[in-house]
Structure formats: structure tokens, C-alpha cells
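Biologist: I am new to this structure. Could you take me through it, one part at a time?

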Amino acid sequence: MDIAAIPSIPPETFASHVVAGRGRGGRLAHLFGRRVSVDTVRLYALLACDSASRFEVCSSDVQRTASGGTSGPAYPSMTPHWPAAQALEREIAEQFGVHPLGHPWLKPLRYHASDDGTPAPWGPFDPARAIPGNCEFYRVEGEEVHEVAVGPVHAGVIEPGHFRFQCHGEEVLHLEIMLGYQHRGAERLLLHPNAARSAIVAETIAGDASIGHATAYCAALEALAGAKVSLRSAAIRGIALELERLANHVGDLGALCTDVAFLPCSAYLGRLRGEYLNLTLEICGNRFGRNLLRPGGVRFDIPAASAERLRKRLEALQRETLEVLDLMFSQSSVLARFEGVGVLTEEQADEIGMVGPAARACGCRRDVRCDHPHGIFQFSHIPIAVETTGDVYARAVVRRLEVQRSLEFLLEWLGNIPSGNTFSRPGAMKPSAMAFGVSETWRGEAMYVAFSDEAGRLAFVKAKDPSIHNWFGLALALRGMAISDFPVCNKSFNLSYAGHDL
Amino acid sequence: MTVFRALAAVPEAALVLALPPLLLGIIVKTKAWFAGRVGPPWLQPYYDLRKLLRKGAVYSRTTTWVFRAGPVVNLAALLTAATLTPIVSSSSLVGFAGDVILVAYLLALGRMFTVLSAMDTGSSFEGMGASREVTFGTMSEPALFLSLIVLAIATKSLQLSEMVGPQLYGAWHAAGPAILLVVGALLIVLLTETCRVPVDDPATHLELTMIHEVMVLDHSGPDFAFITYGAALKFLLLGSILLHVALPHPGWPLWVDAPLRLVELAVLAAVVGVIESSMARLRLNRVPLLLAGATVLAALAAVLILTGSTS
């Protein structure tokens, strides 16, 4: 899309314009800023109209006021009307020092310095206290109310994040999640002049969703160049994406069993996750699918003999997996731990803009593979797995359904990979254009927005991991729950820390 | 006979001291078998203890002598209770009328000091664990005491070694249903007090869900060795009481009695391993229901035996 064709809205009415899009069935897919000149930050909002398979985009230039002063650039915040924007507006404030006026809980998202040293609304960056958790937290006061701080160093081998619980006895009144410990400046690294290096960065934004991120990244860059990939490489991308989904869903269901101390399924599903990872290994030599996708196609073909071998192994794995999942979902002691824990309503999920299996478990019918079909999913529709109760059980059931459907998809396509070449180098990029790519990673919608400059070079890439939408959902789900149920609730979401921190 | 008994007491005491970690090893091995793994060696708990004993301990500046006293007092209380409890033979090393009350309170003393040393750290985790431990402790105590009352009535004795001794063999014929209920109650008490699934999960790494393990997070080195060994000893103590009640031996000679008990203890550990492998842990707020169930079982047993003795 030509940058000049993006409608520009004055900053005063930007928020109300975007919020009005919600009334037309829009979902806030992304909201980000880009510095276009010394004084100007351009905000972009991308609305996804899922039922119409359409995206809307608009922008607004926020300028440093001529009068200057201490206030800095500002615009009315949209969070009070649409909480889905809360983390994204904090990100803009942190990166560019742009103040969203009226944001109800304006504090650092990752705690790092802004791009040109403009002070953030909460004050300039202070390297002396540059630890993300070192700030004020929401507090509940009162006798018998106590505070529990968990992390950033955890007991398990997991990523760092700080969780602050306000508890009354065993009951959690409020949970605040502070991330940012893994901020690596990934968006700057994505601008590496060598596109191959840039793709490696995209794959590592959330390591367990390498294929999902690479799919969205490649789609954005190919769109910018106006290139189309062959059907064969689209099919291989789809196969890799579903294998990744299988490995993660199976692994997480096993981890849920570990958390409730149900040993047989925990051990068995853990082993099966390894088997699925090994299938990806067979395709491209890496268990997480690194270096498989590049703009223009895929770097590894699946020859017919190999596809047949994969299909045979998948058939055996399908039997085993479904059997173990049947055992897991027939154990009353396991179900008793899942049901009614960490409940989110459909309204809440919609309000905060959740995506992926966590949103589908609340009854929101959204799945990029169906709503905005791309690649191989234009030819093969995977039904959306939806549950309505919004608890840990619903999230587990959605994942189980997706496991079944991904297996069916894989068995169908592995026996029938379309012919064609696997890689054709994309041509030159269109000058002054914007393009984006989305994909349904196993956590939900990943999105890459790419801009080219007048000379047709890559000028700016904005990455989004679905976790940034869903972390707030985890905090909400814990309200009124027992603190001892936090681990199983957390595992049912299993969000990415690195993907959030970029 | 008494000379032989006195001579046998020395190896018996040594056996009792050496046995507890092996039981933990059996549980872990059973669970590993269910999970399709090889599991750690049978003697791994001994290696762990040796490793911990050779390490130094780290003490936080906020802690006082209470923190250091916790593991020592707990272990001392459990060792004292072990002398009063019949474990591999049908008699205890020491015994006197009314010692059953001492045993119950020694267990409570150990718990109190573990809880106090947890609170001494001032950590919110350990406070949470202490609160859970005390809550569930107070709920399992009625079941334990009611069970002991039933046994006291059935054997007309207040000395633990007699209450669970050969006299019980006859009492099974007279008051079988009541004692069967007591066995059920004692099994739940055993799982609760020794922090096994479905009440607690000794294998978890999730602090927020732990009960016992979270209380001892700050202990290290020899202190932690004492705690680990104490937990295993507690399992041996309560497990022995359960076995003596469930399967009383009618005064067999020691060379039959003791080896049989050892086999039974190993089977009990394996059974606990099977329970841990075949069900998920209860939600924390459901645990009181389980303990109330144990208390009801024991109360029912008391009603049965009281009405039985009057008629």
C-alpha cells in the first residue's frame, strides 16, 4: 500500500476515529508509532475487521508543540474507551515520549530509553534504576491484605518476568505483570541491510513460534516487493506452521498435567512434543524450524519419499496423541483442577483485544487462518475451535481440538503437496510503500508491518507477537482466584516474554 | 527374652535410622516407572543427604536463632517420637502408659518449629506455606486423635506400642469395621502429614502451589539435610503406625515379624507412589474437604466402637 494513500487524521480526533472503528466490528490489530522527522511521530492504527476479512489502517502525526515547554508531544488516549490499546499506547509513550493524555495507568512497558532521548511522560530514563520492575505497583491497602512478589527469577527454567500479587489470604485481589527484562531492541535489528540476517531476527523474537513469526515476516516483505510464492512453498510453510502448533499445544497440555501433578500424561505428552519437533527437524534440520522460511519461499523442499515417511510417522503419532489426550480429559481429578479456574468472559476478552486460543476459549471466533486466509489456508479451511467457558478447561479443550485439526490438515497435505519451485528471489521493493503480513501462530496473531523509503529500501519494520494482547488477559483471569492456581492458569496461556519484550 | 530384646534393640534402632531415605527412593522409583522413565538410583536420597551434609548453610540477615533451631528441634522431636513408636518390630524402644499423647505432641512440636522458622524469614512465600501447613495440620489432627481414641478403646491401652501391637490382632475380630475406618482415616493423615499427592506435590517447582516445600526454601546445607531426613522419618513413623493398625501381627517371633514389616513398608511406599502417579493433586481449597472426610471416618469409627462396647 502506498504510504501517501493512508488516511491521516489530526491527533485530537485520532483516538475517537479509531474507537469508532470498533463499532464497525474492528479489532485493534496494532497501534504503533514511527518517527518521520525530528519533531513528528506518526501513529499508525491497524484495525482488523475479521468477519469481513479486511484490514483498515489510518495514521496521525503527533508533533512536538511549538510552544515546547515540558509537556512534550501528546494526543488524547484511546485506552479509556478501548482497553485493548493500553499496552500499545504505553509502548508509544516509552519509545517516543509521546504522551497519551488520559491513559489510566501510564507506566513503562519495558523500561528502556526513548529513541532520541525525549523524556517519557513518567520522566526521563534513568540508567541507575533501569530494571523493569523498579517502579510503583498498584496496591491494595488494608489489614490482612498482603503482597506477594514473584520473579523475575523463577524456580523453573522459564523466561524472566515480575508478578506482583495483592492477596487476601489465598485469594488474589489483583495481579500486575511487569515485563521488559528481555528487551533486545529486536525491531532495530530487523533493519539489517542483509534480508537473510533480518529474517533470522524475526525467527528469534519468540523462539517457540519461529515459523509463525517467519511466516508473517516473509508475507510482509513479499507484499512490499509485490512477489508471490509458489503453491508448493506455501504448502510447506503451512505444514511447518501446523507442526509447530502441534508441538507447542501438545507440550503445553503436558505441562498443564505437570502443574496439577498428573504424572502419566505429563511424561507421555512431553515425549510426544519431542516427536513433533523431530518432524520439523526432518524437514529443515532444526527442531524449531529455523532457517526454513525466507522471503521468496522456503529453503528446504520436502521430497515425495520424505513426505510419505513423515505421513507414516504422523499417523502413528496421531493414534498415540489422541489416546493420551483421551486419558487426560477423562480424569475427573484433572478436570476438577481446570474447571472454573481463571475465567475470562467474552466481553472482557473482546474489550482487551485478546487473540489466539486464549480468545477462542472465551467464545471469540477469531483465527487468522480463517478470517484472513493467506498462503495454503486459502485452499484448506481449518475450522475455528471455540469454547465458551473461558477457563483453564476451555483453553485446554481449544488446544486439544486444534491438535486434532492440525493433524488432519497435515495428513491431508503431506500426501498431496502441490508441485512447483520452492524459492524465487523477490524483486525490488516498491518505493514509499507500506505492507504487512499476519499469521496465526500457535499463540495467536503475529503481525509484521514493513515500510520502504523513496529509494525502495526497507526503512522500518514493526513486529508484534500475540502475547502483547494477551498478557493483560492473564492478569484479569487471576482476579478472585486462589493464588495456588496461578501456575496452572499461567500455563494455560503460556505467553511469550521475549515476544512481548522484543 | 528381655535380654534378647535388648540386644536386638541396637540393630533395630540402626535399621530405623537408616531406613527412611530408602522409602523415598521407592516412591520416586515407582513414579518413574509410571512415567516410563528409569528414574534416579534407589539410593539417591542417601547421596543427596551426604551432599547436603557436606555443604555450608546460608543464613539471611533477617533470621534469628528460631530459624536455625527449626530443623534441629523438628528432627529431635521426630527421633524422640521414633523411640516410642513400634516400627519394624511390634514393640517400641521405650514405652509407658499415655505415651501416645506424647507422640502426638512431639509431632506437633516439630511442626510448630518448622512453621516458626519459616515465619522467621519474613518472606511472603514462606508465610503462605506456614499458613497452609497450620491450616491443614489443625484439620488432620482431629482425624489422628479420633483414630487413636478408637485404638485405645479397642485395645484398652494408652501406650502406643500396645495400641498397635498384637492385642489389635484380636480387636480386629471384635471391632473390624471400626478399625477399617481408622485405616482409611490414617491413610489420609499419612498423605497429608508427609506432603504427598493429592494434598501436596513434593516434586513441584512452583512455589505458589507448595505447602511444605515452600516453608523450607530458605534452609540450606545440613539444615536442609535435617529437614529432608525428618520428612522421610515422619513418613516412616506414620506409615508404620498405619501398617501396624492395618496388618497387626499376632505376636510372631522377631525374625518373622521384622522382615515382614520391612516388606510391608516397601509395599506401602510403592502404594503411595501408585497413588501419586494415578491422580492429579487436589485444588488447595478442596483439601479441607478431604481432611474433613478423614475426620468423619475416624468419628464414625469412634461411634461404632463406643456403641459396640456398651451393647
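**A first look at chains B and A**

Modeller: Please note that this is a predicted model. Chain B has 12 helices and 0 strands.

Biologist: How do the elements of chain B run from the N terminus on?

Modeller: The order is α-α-α-α-α-α-α-α-α-α-α-α.

Biologist: What radius of gyration does chain B have, and what would a compact globule have?

Modeller: Chain B has 19 Å. A compact globule with 311 residues would have a radius of gyration near 19 Å, so the two agree. Along the principal axes, the C-alpha atoms of chain B fill a box of roughly 60 × 45 × 45 Å.

Biologist: And how much of chain B counts as buried?

Modeller: Of its 311 residues, 49% count as buried. As for contacts in chain B between residues at least 6 apart in sequence, 79% join residues at least 24 apart.

Biologist: Let us pick one helix, α11(B). What span should it have?

Modeller: Helix α11 of chain B covers residues 254–278, which is 25 residues.

Biologist: Which residues of α11(B) are buried?

Modeller: They are Arg261(B), Leu265(B), Leu268(B), Ala269(B), Val272(B), Gly273(B), Glu276(B) and Ser277(B). An α-helix has 3.6 residues a turn, so residues three or four places apart point the same way.

Biologist: What covers those buried residues of α11(B)?

Modeller: The cover includes α7 (263–284) of chain A, together with α2 (20–34) and α10 (221–246) of chain B.

Biologist: Turning to chain A, how is it divided?

Modeller: Chain A has domain 1 (3–132) and domain 2 (186–501). The C-alpha centres of these two domains of chain A lie 27 Å apart. In chain A, 17 residues of domain 1 are in contact with 20 residues of domain 2.

Biologist: Which element gives the most to the side of domain 1 of chain A that touches domain 2 of chain A?

Modeller: That is β1(A), with 6 residues. By class, this side of domain 1 of chain A has 10 nonpolar, 3 polar and 4 charged residues.

Biologist: Is β1(A) mostly covered or mostly uncovered?

Modeller: Strand β1 of chain A (residues 26–35) is mostly covered, with 9 of its 10 residues buried.

Biologist: What does β1(A) pair with?

Modeller: β1(A) pairs with strand β2 (residues 40–49) of chain A in the antiparallel sense, over 9 bridges. A hairpin of 4 residues joins β1(A) to β2(A). For His30(A), the bridge partner in β2(A) is Leu46(A).

Conventions
Residues are numbered from 1 along each chain as its sequence is written. Chains are lettered from A and ligands numbered from 1 in the order in which they are written. This is a predicted model: local features need pLDDT of at least 70, side-chain atom pairs count only at pLDDT 80 or more; totals for chains, interfaces and linings use all residues. Helices (H or I, at least four residues) and strands (E, at least two) are DSSP runs, numbered from the N terminus. The expected span of a helix is 1.5 Å times one less than its number of residues. A residue is buried if 20 or more other C-beta atoms lie within 10 Å of its own, exposed if 12 or fewer, and partly exposed in between; C-beta atoms are placed from the backbone. Two residues are in contact if their C-beta atoms, placed from the backbone, lie within 7 Å. The radius of gyration is taken over C-alpha atoms; the globule rule is 2.2 Å times the number of residues to the power 0.38. Two strands pair if DSSP finds at least two bridges between them. Domain bounds come from an automatic or database domain assignment. Ala, Val, Leu, Ile, Met, Phe, Trp, Tyr, Cys and Pro count as nonpolar, Asp, Glu, Lys and Arg as charged, and the others, Gly among them, as polar.
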